[in-house]
Amino acid sequence: MLLWGCILPRAWALCDTPWRVGYDQWPPYHFRAADDAMKGYGVEVLQGVARRLGCEVIFVERPWKRNLQELELGELSIAMEAFITDERARYAWFSEPYSPGKTLLWVRRDDLHDYTSLSAWLAEGRRLGLTKEFYYGEEVARLAAHYPHQVSALVDESQNYGKLLRGRIDGFLGDALATRWALEQEGLLRKIVPFAAPVFVTPARFMMSKQRFSPSDVARFNQELAVFMASPEYDALLHRYVPEALRSEP
């Protein structure tokens, strides 16, 4: 029985309309290259799945916060490199993991010392830089609230590189792969290094609008994702974007 006033998601078939995929410039996961082609680890995994399903993909550049807003409204179909939260699960499905999300604490090379935990590091009075709109998990949120005068957040992660080198912070949190990529592009990878022990580990997934996809659509997507990730094409992609040292990590 249908209730008057209920708004039901449109019953699109999986590939009846192109997937509108939101992205921001975050190499090596997703970025538009100088030749205007979309590239990156997440982009090429998604394209591989889409080809197997016979779906068309349209990439739309959006700030991350707007990605989430338009995904909730059904104006975007998919967002990439997403972590599961209760709020997001209200309006989106999540694929099986395709990217081992790992957040590290990055410091000046000359400031490496015995590190046990972020909590102990902050308890020593050290100052931490974060990036706004980035999800670091509940423990980091708790620590940020507990040490408000030691933890600061900026819009762009790269701003923390300068703050760290000028001694205005003692470390910042960054992705194991994307931060390494950015520091290498800036020529800073010899000056700024991570502690090996991760601060936060959670697999990244494709976030799929409930206004656009049904549970059976997500199941089909996951089937093809698993097939693609077992293919030689995926192995070549992994070698192209992920340094050997990170590929060999558990």
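In what follows, Ala, Val, Leu, Ile, Met, Phe, Trp, Tyr, Cys and Pro count as nonpolar, Asp, Glu, Lys and Arg as charged, and the others, Gly among them, as polar. Please keep in mind that this is a predicted model. The chain is divided into two parts, domain 1 (19–100 + 203–246) and domain 2 (102–201), and the largest pocket lies between them, because both give residues to its lining.

**The two domains**

- Between the C-alpha centres of domain 1 and domain 2 there are 26 Å.
- Where the two meet, domain 1 brings 14 residues to the contact and domain 2 brings 11 residues.

**The largest pocket**

- The space in the largest pocket comes to about 810 Å³.
- Its lining is made of 35 residues, and D24, Q25, W26, T131 and F134 are the ones that lie nearest the centre of the pocket.
- By residue type, the lining of the largest pocket has 17 nonpolar, eight polar and 10 charged residues.
- Several elements supply at least two lining residues each: the helices α2 (64–73), α6 (158–165) and α7 (178–186), and the strands β5 (78–82) and β10 (171–175).
- Which element gives the largest share of the lining? That is α7, with six residues.

**Helix α6 and what follows**

- Besides supplying residues to the pocket lining, α6 has a set of buried residues: N160, Y161, G162, K163 and L164.
- These buried residues of α6 pack against the strands β7 (102–108), β8 (128–131), β9 (151–154), β10 and β11 (192–194), and also against the helix α7.
- After α6 comes G167, which has a positive phi, near 80°.

**The disulfide**

- A disulfide is a covalent bond between the sulfur atoms of two cysteines.
- The count for this model is one disulfide, formed by C15 and C55 with their sulfur atoms 1.6 Å apart.
- The pair links distant parts of the chain, 40 residues apart: C15 sits in the segment before β1 (19–23), while C55 belongs to the loop between α1 (41–53) and β4 (57–61).
- Left-handed is the description for this disulfide, because the torsion about the S-S bond of C15 and C55 is about -40°.
- Are the two cysteines buried or exposed? C15 is partly exposed, as its relative accessible area is 25%, whereas C55 is buried, with a value of 10%.

**Two single residues to look for**

- S209 is found in strand β13 (residues 205–209), and with a relative accessibility of 0% this serine counts as buried.
- Which residues is S209 in contact with, leaving aside its neighbours within four places in sequence? They are L71, G74, L76, S77, Y91 and W93.
- R190 has its place in the loop between α7 and β11, and R190 is exposed, because its relative accessible area of 73% is over the 50% cut-off.
- Although R190 and R108 are 82 residues apart along the chain, their C-alpha atoms are separated by 9.0 Å.

Methods. Residues numbered from 1 in each chain as written. Predicted model: local features only at pLDDT ≥ 70, side-chain atom pairs only at ≥ 80, totals over all residues. Heavy atoms only, no water. 1 Å grid on protein atoms, 1.4 Å probe; cavity = no way out; pocket = protein on both sides within 12 Å on 5 of 7 lines; lining within 4 Å. Points joined across faces, edges and corners; volume = space filled by probe spheres on them. Helix = DSSP H or I, 4+ residues; strand = E, 2+ residues; numbered from the N terminus. Domains from an automatic or database assignment. Disulfide = S-S within 2.5 Å. Buried < 20%, exposed > 50% of the residue type's maximum accessible area, 1.4 Å probe, protein only. Contact = heavy atoms within 4.5 Å.
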